[in-house]
Amino acid sequence: MWSIIEQIFPYAIIFTIPLLITALGGLFSERSGIVNIALEGLMVIGAFSGALSIHYLSGVLDNHTLVLWLGLLAAVLAGILFSILHAFASINLNANQIISGTAINMIATALTVFLARNITGSGNIRISSGFSPSNVPFLSDIPVIGDLFFTKTYPTTWFVLAILFVSSFILYKTRFGLRLRSCGEFPQAAEAAGINVRKVRYSGVLISGAFAGLGGALIIVTQSGEFTGTVAGLGFLALASLIFGQWKPLGVLAATLFFGFASTIANVSQVIPELAVIPPILLKIFPYVVTLIALVIFSKSSQAPKAVGETFDSGKR
Amino acid sequence: MRNTIVSLISIILGLVAGGILMLFIGSNPIEGYSYLLQGALKNLERIGNTLATATPLIFTGLSVAFAFRTGLFNIGASGQMLVGGLAATAVALTFDLSRPILLLVMILAGLVAGALWAFVPGLLKAKFNVHEVVSTIMMNWIAYWTIYYVVPGYFKGEFLETESKKLAESDTLRTPFLTEMFDGSYINLGLFLAVIAVIIIAFIIDKTTLGFELKAVGFNRFAAEYAGMKVNRNIILSMLISGALAGVGGVALYTGNASSIQIGILPAQGYDGIAVALLGANHPVGVFFAAVLFGILYSGTGFMNAMTEIPPELANTIIAIIIYFAATSVMIERLLNKFKARKSNKEDKSGPVVEKGDS
């Protein structure tokens with residue numbers, strides 16, 4: 001059993017990280033009071049702009065690592081730009097946030113493939129190579145823990161974990177975090193206290209765009225190496241992680257790790273004899289069924305931000 | 001009327017945005033659109049294909065619109081289509097019945113499968129207040145993986161692992177008289193089913209107590225409850241009907257437009273249904289026309305792509321942009337109000353100038 005865990009651990013982490021950063025983005029948006037089911041589309045945008053800029057920059061710059069980081073930066077910027085569409089629709093125009101999110105998902109998948117096809121002819125954008133895994137010096141020599149956590153890791157993994165802890169700090173220990181949370185719980189009270197609810201909500205949605213864009217590009221530079229026009233439902237899985245993690249950073253970390261392991265086990269089950277006896281269909285639907293069950297269990301004690309999804313009406317006190 | 005104007009303006013804005021995209025990639029928009037229209041409507045065969053493309057969209061549009069009337073957001077039409085299509089395919093490949101009975105059983109199987117798939121989110125919503133957006137998305141992926149393993153496991157195609165065995169022409173919704181009438185198009189009986197569904201759903205919504213109660217629950221479920229309506233029962237019923245519609249849409253897609261079911265794809269028509277419903281202002285007749293418009297865009301792009309450099313994804317892009325404008329219709333309404341205010345000011349110069357506020 002232990003050897004199985006050791007074997008699949010690195011793959012599970014690779015799968016978890018994009019999910020984690022995207023769900024964390026969703027957390028900022030929903031804590032500010034805006035439902036963001038556009039995460040899937042924002043990830044696609046990030047994957048596209050990441051792949052595209054790495055594809056082009058590779059020919060210009062010699063430093064490959066720098067090119068990859070610049071690609072991630074481009075994905076963050078593109079994610080922010082695109083999330084403005086959602087922020088504008090749901091904050092300024094009182095649009096139904098779910099319809100706006102759905103529209104953005106559709107625009108993202110259609111527009112990126114449209115542009116990719118025009119650029120490469122096939123609709124796919126390939127990058128020459130992504131990040132290569134490396135051992136963390138000294139720490140990887142520690143028995144057990146070293147093998148699990150510090151061997152063959154990606155620099156991006158540490159980067160995302162750093163973002164997670166900074167986010168957690170910002171959310172619970174800073175003035176901005178308090179304001180953000182208050183806008184998701186009781187925006188009218190927040191406004192009465194002198195907070196500009198629209199501005200705070202804008203920052204929530206834009207952060208979600210930045211993180212989801214990063215998440216999409218991370219798939220390109222660590223897993224697939226190629227943009228194919230989809231992130232295969234990972235954005236929706238991030239949304240499920242957010243609910244499963246009860247809108248808390250550490251909860252989201254636990255939920256995404258759970259999904260990371262569940263998906264990896266499902267993917268490698270055929271090559272591991274102990275797991276091959278379980279029908280693969282059960283392993284594949286497992287995360288989704290568990291999410292449904294979790295939704296039922298949490299339905300009585302849901303920690304969802306109280307004002308999430310509601311349009312802000314300052315007269316409604 | 002107001003809804004129609006907003007929808008029309010959204011369509012125009014979407015088409016303009018599509019034109020700008022064509023300019024952006026160095027193509028001529030007028031040429032692009034004229035090839036698109038020719039591709040969709042040039043001859044009888046193409047008109048038939050356009051209507052066939054619209055058929056599943058009518059079903060999913062009705063499905064989403066019907067749920068929406070009860071205040072429910074059914075994002076799960078894709079999954080319901082998949083299981084509906086699988087059920088019909090399974091019936092066609094398993095039973096040896098005479099054609100009319102077989103078709104009837106196939107349609108019923110698809111209807112029941114779609115309804116059951118939507119029953120789960122409906123039940124979870126009614127009993128545990130689980131948000132249907134998340135639960136229907138989960139059901140979509142459960143359907144995706146179910147098809148992924150059930151089709152190769154039990155109904156594997158002769159040549160391809162990734163699709164089911166092809167149905168015989170006589171086991172599909174295609175029918176010789178329609179195919180001949182439209183010069184070999186893949187138009188099929190699904191279109192008639194769709195028209196019947198439009199009429200039935202319009203009747204349910206506008207003329208029955210059930211429709212009234214569903215709308216009441218959609219407007220304010222607490223008021224409806226206070227008025228003695230069984231809100232939970234209505235939520236489940238609404239999801240059942242919505243799922244049944246999407247299920248039959250799956251039958252039309254996989255055993256009418258196509259004659260096999262592919263694995264590894266969530267049908268895009270499920271998500272397009274949201275667009276169709278929104279553009280059709282959640283009314284069955286509006287849904288019908290919105291679906292036909294999308295049918296034109298989708299079936300015309302192939303020809304446009306063959307004649308120009310414009311990628312076929314243009315259709316999806318235009319539709320997505322139309323939906324964004326429809327979703328942000330407040331912006332259009334504000335513009336309309338401003339326009340109206342200016343017009344009435346001009347007509348009545350002597351009167352006091354009334355500033356119209358945002359509404």
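**Salt bridges and their surroundings**

With a relative accessibility of 31%, A:Glu185 counts as partly exposed (buried means under 20% relative accessible area, exposed over 50%, and partly exposed in between, with a 1.4 Å probe and protein chains only). This is a predicted model, in which local features need pLDDT of at least 70, side-chain atom pairs count only at pLDDT 80 or more, and totals for chains, interfaces and linings use all residues. Residues are numbered from 1 along each chain as its sequence is written, chains are lettered from A and ligands numbered from 1 in the order in which they are written, and side-chain values use heavy atoms, leaving out hydrogens and water.

**Overall count**
- A salt bridge is a side-chain nitrogen of Lys or Arg within 4 Å of a carboxyl oxygen of Asp or Glu, and the count over all chains is six.

**Pairs in chain A**
- A:Glu185 forms a salt bridge with A:Lys306, at 3.5 Å from N to O.
- A:Glu185 belongs to helix H7 (residues 175–185) and A:Lys306 to the segment after helix H13 (280–298), so the pair ties together parts 121 residues apart in sequence (helices, H or I, of at least four residues and strands, E, of at least two are DSSP runs, numbered from the N terminus).
- A:Lys306 is exposed, at 64% relative accessible area.
- A:Arg126 and A:Glu226 form another salt bridge, their closest N and O atoms being 3.6 Å apart.
- A:Arg126 is exposed at 56%, whereas A:Glu226 is partly exposed at 21%.

**A pair in chain B**
- B:Lys125 and B:Glu132 meet in a salt bridge of 3.1 Å, N to O, and both residues are buried.
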